[in-house]
Every structure is written in structure tokens, then in C-alpha cells.
Amino acid sequence: MSSAVLAATVVLLRDAPGGLEVLLLERPQHTGSFAGAWVFPGGKVDPEDFGSGGQDADDGGGSDGHEVLAARRAGVRETWEETGLRVHADELVQLSVWIPDSVQPRRFRTYFFVAPAPVPGQEIVLNAGELEDYAWLSPKEALSRHAAGTMSLVPPTWVTLHWLSHCADVETALGRARIGQPETYQSRQRQGADGRKLVLWSGDADYPDADAPGSPKAGARHRLDVSSLPWSYQRTDG
């Protein structure tokens with residue numbers, strides 16, 4: 001199993017007349033990571049982001065203080081490089097950590113942060129060759145476009161948009177993130193008994209750790225059905 005490369009993602013939020021909006025960037029169709037997908041600004045954590053000495057990423061999902069600090073620095077730097085927008089590290093609120101299944105050929109263990117967008121009027125300047133387009137959209141509109149097949153999303157982006165779709169404005173989203181415990185999504189890809197393609201996370205009765213002490217009850221769900229559009233997110237407390 002290859003080790004996961006440490007990365008950071010910044011989910012930029014703004015208030016608009018129609019409600020909360022989020023910045024999404026379109027990757028090129030045939031090159032680079034997440035080809036053709038719409039994603040949030042972000043990228044790999046460089047050794048320099050750790051300060052002197054650097055640090056290698058491993059597969060753990062813990063929120064080590066040095067690692068989170070490095071991810072913050074990387075998020076600020078990558079946002080600037082990809083969009084020309086300046087954000088401040090102290091405005092980034094950690095939301096989650098995403099760890100892909102070991103079957104993925106190239107794996108990124110990614111810290112997700114939410115942050116208010118810079119003041120209105122700052123021009124977005126995309127990194128040529130790395131990005132094709134950008135859009136400010138409400139989370140519900142982005143999910144609707146994905147459901148219609150006109151916008152490609154990957155599961156971490158989809159689930160984050162789903163979470164944001166329940167936030168009325170920027171302050172609500174930031175407040176929920178501040179009081180909540182950052183969640184680790186260690187993904188496992190499985191095929192259901194009916195042949196459907198699923199992405200499972202801890203808390204699902206079919207997740208690999210389901211037989212461990214304190215395991216979820218039979219029928220408990222924490223999964224994303226990606227077999228066909230629209231995708232279906234299921235989460236219970238069972």
C-alpha cells in the first residue's frame with residue numbers, strides 16, 4: 001500500500017443575495033489529478049510548509065499540531081497560486097480529513113478547511129494550464145449540476161457540498177465548523193450485494209471495522225452510493 005501524500009484544501013465561502021456560495025475550480029479534462037472535476041482550491045503540502053526540517057506524510061488520520069499548521073500554510077499558498085486570492089491562515093477552520101482507499105493509484109491525505117472569501121472585488125486569476133474555469137455557486141446548485149451530469153465532482157467535494165447545503169450563510173458554516181470536531185473520512189470502496197458501487201466510512205455496518213468493540217448496529221449507514229446519478233448519501237446514528 002502506497003503512503004498518502006499530505007495535502008490541503010480550502011473551501012472559500014461568501015454570502016450572496018441567494019444565500020451561501022462556494023468557489024469551485026475546474027481541472028483540465030485530460031491531465032493532472034482529478035481530471036475534469038470541479039474542486040476546491042488546494043494542493044500538496046511542501047516540505048517548506050513545515051518550516052525547518054520538513055516532515056513526511058503517513059497514513060494516520062490524526063490531527064497532529066505541526067501537520068495541521070503545515071496544511072494551513074499550504075492551503076494559503078495553494079489558494080494564492082491557483083486563484084490569486086489572499087486568505088489568512090488564522091481564518092481557516094478545520095472541517096475534515098480525507099484519506100482515500102488504498103486501492104487508489106495516487107493517494108492524497110487531505111485536510112479540508114473552510115474560510116471566508118477575501119473582500120469582494122478581488123479578481124480571480126486562474127493558474128494557466130492547471131485550471132480551466134471557476135464558478136461561485138450555492139452548494140445546492142453545484143449538487144444539482146452534478147446530478148444532471150453537467151458538473152463532475154469527486155466524493156470529498158460532493159460530501160462537503162452536502163454538508164454546506166444545510167448552512168444558510170458564511171457565519172453559520174464557520175460556526176458549525178468551529179464547534180464541531182473535525183471528522184476523519186477514511187474511505188473504503190465496496191460493491192453492495194445488489195451490485196451497487198459504494199464508498200463507505202466508519203459508522204457504516206458494512207465498514208471493515210464493523211466487528212470491533214463499539215461497532216455500529218446492524219443496518220447503520222455512513223455511505224455514498226455512486227453507482228449512478230444522482231448520488232445518494234446515507235448516514236444514520238444506528
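How many residues has helix α1, and what does α1 reach from its first C-alpha to its last?

## Helix α1

Helix α1 spans residues 65-83, has 19 residues and reaches 27 Å from its first C-alpha to its last. That is close to the 27 Å expected at 1.5 Å a residue, the expected span being 1.5 Å times one less than the number of residues. Helices (H or I, at least four residues) and strands (E, at least two) are DSSP runs, numbered from the N terminus.

This is a predicted model, in which local features need pLDDT of at least 70 and side-chain atom pairs count only at pLDDT 80 or more, while totals for chains, interfaces and linings use all residues. Residues are numbered from 1 along each chain as its sequence is written, and side-chain values use heavy atoms, with hydrogens and water left out.

Among the buried residues of α1 are E67, V68, R77, E78 and E82; buried means under 20% relative accessible area, exposed over 50% and partly exposed in between (1.4 Å probe, protein chains only). Their cover includes the strands β1 (5-16), β2 (19-26), β4 (42-44), β5 (93-99) and β6 (108-116).

After α1 comes G84, with a positive phi near 75°. R86 is found in the loop between α1 and β5. Because its relative accessible area is 52%, R86 counts as exposed. Leaving aside neighbours within four places in sequence, R86 is in contact (heavy atoms within 4.5 Å) with W80, P118 and Q122. The C-alpha atoms of R86 and P118 are separated by 6.6 Å, although these residues are 32 residues apart along the chain.

## E21 in strand β2

E21 lies in strand β2. E21 is buried because its relative accessibility is 17%. The side chains of E21 and R14 make a polar contact at 2.8 Å. Such a contact is a pair of N or O atoms within 3.5 Å; within protein, one must be able to donate a hydrogen and the other to accept it, and residues adjacent in sequence count only if both atoms are side-chain atoms.

Apart from neighbours within four places in sequence, the contacts of E21 include L12, L13, A16, W136, L137 and S138.
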